Amino acid sequence: MGKYAEYAFLGYGAMALILGAMIAWLYLRYRALQREAAIVEQVAAEEGGDRVHAAVGALESDAQPDQATPGMTGMANPTTDRTRAG
Amino acid sequence: MAYSDKRTRILKGLTYAALALFVLAMLMDFFYVGPERTQGEAQRIFYVHLGSFLGSFLSFTAAVIGGIAYLRTRNTKWDTLGLSSVEIGLGFATITIVTGMAWARPIWNTWWTWDPRLTSVTIMWLAYAAYLMLRTGIEDPERRRRFAAVYGIVAFASVLYTVIIIRVRPDTIHPVVVGPTQADPEGAFEVSGRIRDTLFFNLFTFAVITVVLIWHRIRLENLSEWVARRKMEVLADL
């Protein structure tokens, strides 16, 4: 080790620490945002699925049982409904 | 969030290049160039000290470009450039200050002195730290972006002041590497031969690292904005 080597190591160590912290912050923040994005998309997909179910439910409640075509349109079937209820 | 494959490939290539250049620069700093006659091993700090200052200078220049472009076009991508550049520049400025202190202790026999150059670099650091703090304090997005653009341009005066001060003030003890000076610095040395090669290689390396980090920071900010927007859309649908 030459003259003032400890200060050279101190300087380089500090530089590596700060630069490393900057890179780590970028990486960790990126990972956290990706996780957040996945959760948001999952919620959006679940919400989309719920809306489809709600729309089908609304159609079923509006439909007149005698006008419905059981098994074809997905509308309520009084026969099967009765069976299910029983 | 979707980017073109070409841009992503360029960023990936630049990232690997920056990593390789950094390793090479460290090898040059410690093995290619020898210790300086009077300053010994401590002189090696000078390569990363100057390199990191170049990084902060380039970043703050990018913030000025982003600020001017935003005020002219009102395109938010320029505001993102400004914010990203200031954050990365502040990191490099911190490296400059800390490495300078590690060099000053054996050469000036003190960690810190209120020399004009050290004072000006502290003012520069505080000016850009204030940029980040004040930015978060403004809620209206349009006002925040306008404020940040103007502040980013005005704050650059502190960078120019830091660059010029050692050339015009006779009472500074900070060495001048390039160009004339009126001062009689303490700790100056001749930049020639291997020292010059290593210095230029480090400057180039830090310039590449700066570009890569700003680019990644811009992508991070874009992703952050996209997530926030998507969250609002999903919440509005609930």
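**A helix pair in chain B**

Modeller: Happy to! Helix α2 (residues 45-73) of chain B packs with helix α6 (residues 194-237) of chain B at an angle of about 40°, their axes 8 Å apart. Axes here are lines fitted to C-alpha atoms, for helices over the stretch in contact, and angles run from 0 to 180 degrees between N-to-C directions. Helices are DSSP runs (H or I, at least four residues), numbered from the N terminus. The angle makes α2(B) oblique to α6(B), because angles under 35 degrees count as roughly parallel, over 145 as roughly antiparallel, 65 to 115 as roughly perpendicular and the rest as oblique.

This is a predicted model, where local features need pLDDT of at least 70, side-chain atom pairs count only at pLDDT 80 or more, and totals for chains, interfaces and linings use all residues. Residues are numbered from 1 along each chain as its sequence is written, while chains are lettered from A and ligands numbered from 1 in the order in which they are written.

Among the residues that meet are B:G51, B:L54 and B:L58 in α2(B) and B:L199, B:F206 and B:I209 in α6(B). The residues of this contact divide into 12 nonpolar, eight polar and no charged (Ala, Val, Leu, Ile, Met, Phe, Trp, Tyr, Cys and Pro count as nonpolar, Asp, Glu, Lys and Arg as charged, and the others, Gly among them, as polar).

Back at B:I45, leaving aside neighbours within four places in sequence, the contacts are A:A8, A:G11, B:T99, B:A102 and B:W103; contact means C-beta atoms, placed from the backbone, within 7 Å. Across the chains, 24 residues of chain A are in contact with 30 residues of chain B, and the chain A side has 18 nonpolar, two polar and four charged residues.

Definitions and conventions: Contact = placed C-beta atoms within 7 Å. Helix = DSSP H or I, 4+ residues; strand = E, 2+ residues; numbered from the N terminus.
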